Amino acid sequence: MSKQPTPAKDLTIWEDAQKMIEKARRDGVETVWDRFEQQQPGCKFCELGLTCKNCNMGPCRISLKEDGKMQRGVCGADGDVIVARNFGRFVAGGSAGHSDHGRDLIEVLEAITEGEAHDYKISDEDKLRRVSAELGISVDNRETMAIAKDLVEACFADFGSRRKELGFVSRVPEVRREIWKKYKVMPRGVDREIAEMMHRTHMGCDNDAVSTLLHSAKTALADGWGGSMIGTELSDIIFGVPTPSRSQVNLGVIKADMVNILVHGHNPVVSEMVLAAARNPEMIAQAQKAGAEGINIGGLCCTGNELLGRQGIPMAGNHLMTELAIVTGAVEAVVVDYQCIMPSMVQVAACYHTKFITTADKAQFTGATHISFNTATAADQAKEIIEMAIAAYALRDQSRVEIPVAAVDTITGFSNEALLNMLGGSLDPLLDAVKEGSIRGVAAIVGCNNPKFQHDSQNVGLAKELIKKDILVLATGCITTAAGKAGLLVPEGSEMAGPGLKKICSALKIPPVLHFGSCVDNSRVIHLCGLIANALGVDISDLPVWGSSPEWYSEKAVAIGLYCVASGIPVHIGTPPQITGSKLVTDIALNGLENIFGAAFLVEPDYVKAAEKMDERIKLKRLSLGLSA
Ligand code: SF4
Ligand code: MSK
């Protein structure tokens, strides 16, 4: 007898997702949940981090029993070394992803200064001057382009190997910088730390788990205060600083009578152009000629977050919704750049009339239509993409279209600048609210989904538990859509908050969960913590703050987690990384880091218990600051 499929309601908390999982099953489309099931049970050695493939004397694995054979790999590396090396490479992968994204923004700014990117411009000159001045670039009485050229050089220099510390380290409280110097984790250059991690983990190099883990922290710091921060700041300069605006979320943002184009990935360089082309009256007229009402752009994952924050475009879904969005049968094109794009989307798109269009030479997918996106020809290429989508509209089978729910309203697009603006230009009102206990603490939840959990159950559950305890939540990445669907991204969401947070939200007319951008934009969170710590004259680790990624899955999420911890922000995660095969490494992650950085990881798969543990620490931190618990 064949096994019955898991009921869709056990896989995801959302009605739109449940309906589309059922439709996918009817349509014969395989999804992430099917493949997850096929992969069970996972490999125990890999799960524990006890396999090594770093040379061709192996691959090796370390016995799960503590006595007997296979306690060391062929070269003699023990379990601690192997686990630490694997973890280090994992962090290097995540840091490389974010930071290479940051580098792409430098190249766009460079092309603007050289007159080779006519379709892009500097949208926020004030921010260009502010950031440049922070990095020691002279801004007085200088032309915008001259300043921008110097900023390009300063940012590129942060990727190299000749600096003693990264430029944005100036944003870090002095006391924290001293800790980094003491433990030799002051990040020097983004590429340097990543390359050194690859070197250290080559056979015969860093064979001390503690040493490897400290360099993992240094690599992650280069991502957070380097590559990611450059990505965020330059995106703001080129496309504008996010400001709060109304939008909508869930699969209801896909419109049955429109040409629907979903943008997916992380970098706004392509998606901003696609959006601009979709707003072009000539393109709209073409869509109408094809029988549609117009052109509708929707976001997925973090490219969606970038456009949501700056342009208010609606979000169709987060990581585990990406396949399901196509299953609606109403998507003409999915346009992707890079990161978090499931390769399966090519096959899902092929089951419908959907064009799957890749745009980055470094992220090509077999079976996709590839347009090698170039800043010199961006607008024309974006038009070409829109025309492909319009052509696909004619092939749509309306009998296969199912838009499962109506869209939910949100207010999104917060940033440090928007927050300051809202507070009247100073952090004081926020600090006062923290001091009097209306806001007892702040937690940043980084999205991500992982089929190991019922989709979004932890993300939404944790956010709700925290706001009940008067802890303000900042949402980045894939939790945005989840929080929006749960009604947490509108001021009325404060009805679910504790009395203190509710009072502040009502006074400022803000939601209890503030959308703070994409996963790269966690740099905004550490920057904000630096600003608050400096304003209070304390270290970041003294603040009543947390990071969390309950449903994390990616290498980038671990890099974010580690740069937060090394910056003094404790981080909750719902599942451990592949390190539990080493008691030493696990103990360092959960406890040892606390002694070094004043913050460590908390692994807790139950969001209620996680919120309680986070609250306990917030109480302790508040009491240490002389505040009421
Ligand atoms: Fe095995 Fe050592 Fe080679 Fe890793 S580096 S595969 S443990 S021999
Ligand atoms: S896209 S890293 S699933 S947040 Fe940034 Fe979402 Fe996590 Fe990717």
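The dialogue below takes up domains, a ligand shell, a helix pair and some backbone details.

Mentor: Please keep in mind throughout that this is a predicted model.

Trainee: Into which domains is the protein divided?

Mentor: Domain bounds come from an automatic or database domain assignment. Here the assignment gives domain 1 (79-239), domain 2 (245-400) and domain 3 (413-624).

Trainee: How many residues of domain 1 are in contact with domain 3?

Mentor: Contact joins 36 residues of domain 1 to 33 residues of domain 3, and the C-alpha centres of these two domains are 23 Å apart. On the domain 1 side, helix H5 (79-113), helix H8 (174-182) and H10 are the elements that each give two or more residues. By class, that side has 19 nonpolar, 13 polar and 4 charged residues.

Trainee: Which residues are the closest to ligand 2?

Mentor: They are Cys 302, Cys 340, Cys 448, Gly 477 and Cys 478, within a shell of 15 residues. Helix H13 (301-311) and helix H23 (555-566) are the elements that supply two or more residues to this shell. Its residues comprise 8 nonpolar, 6 polar and 1 charged. Domain 2 (245-400) and domain 3 (413-624) each contribute at least three residues to the shell around ligand 2.

Trainee: At what angle do helix H6 and helix H10 pack?

Mentor: An angle over 145 degrees counts as roughly antiparallel. Helix H6 (residues 125-134) and helix H10 (residues 209-239) pack at about 150°, and their axes are 7 Å apart. H6 is therefore roughly antiparallel to H10. The two helices make a left-handed crossing. Lys 127, Leu 128 and Val 131 of H6 form the contact with Glu 233, Asp 236 and Ile 237 of H10. Sorted by class, the contact has 3 nonpolar and 3 charged residues, with no polar ones.

Trainee: Where are cis peptide bonds found?

Mentor: One cis peptide bond joins Gln 40 and Pro 41, with omega about -5°. Pro 41 belongs to the loop between helix H3 (32-38) and helix H4 (44-48). Another joins Gly 58 and Pro 59, with omega about 10°; Pro 59 sits in the loop between strand E1 (51-52) and strand E2 (60-61).

Trainee: Which residue has a positive phi although it is not a glycine?

Mentor: That residue is Gln 339, whose phi is about 75°. Gln 339 is placed in the loop between strand E7 (333-336) and helix H15 (345-350).

Notes. Residues numbered from 1 in each chain as written. Chains lettered and ligands numbered in written order. Predicted model: local features only at pLDDT ≥ 70, side-chain atom pairs only at ≥ 80, totals over all residues. Axes fitted to C-alpha atoms, helices over the stretch in contact; angles between N-to-C directions. Helix = DSSP H or I, 4+ residues; strand = E, 2+ residues; numbered from the N terminus. Parallel < 35°, antiparallel > 145°, perpendicular 65-115°, else oblique. Left-handed = near helix turned anticlockwise from the far one by under 90°. Contact = placed C-beta atoms within 7 Å. Nonpolar A, V, L, I, M, F, W, Y, C, P; charged D, E, K, R; others polar. Near = placed C-beta within 6 Å.
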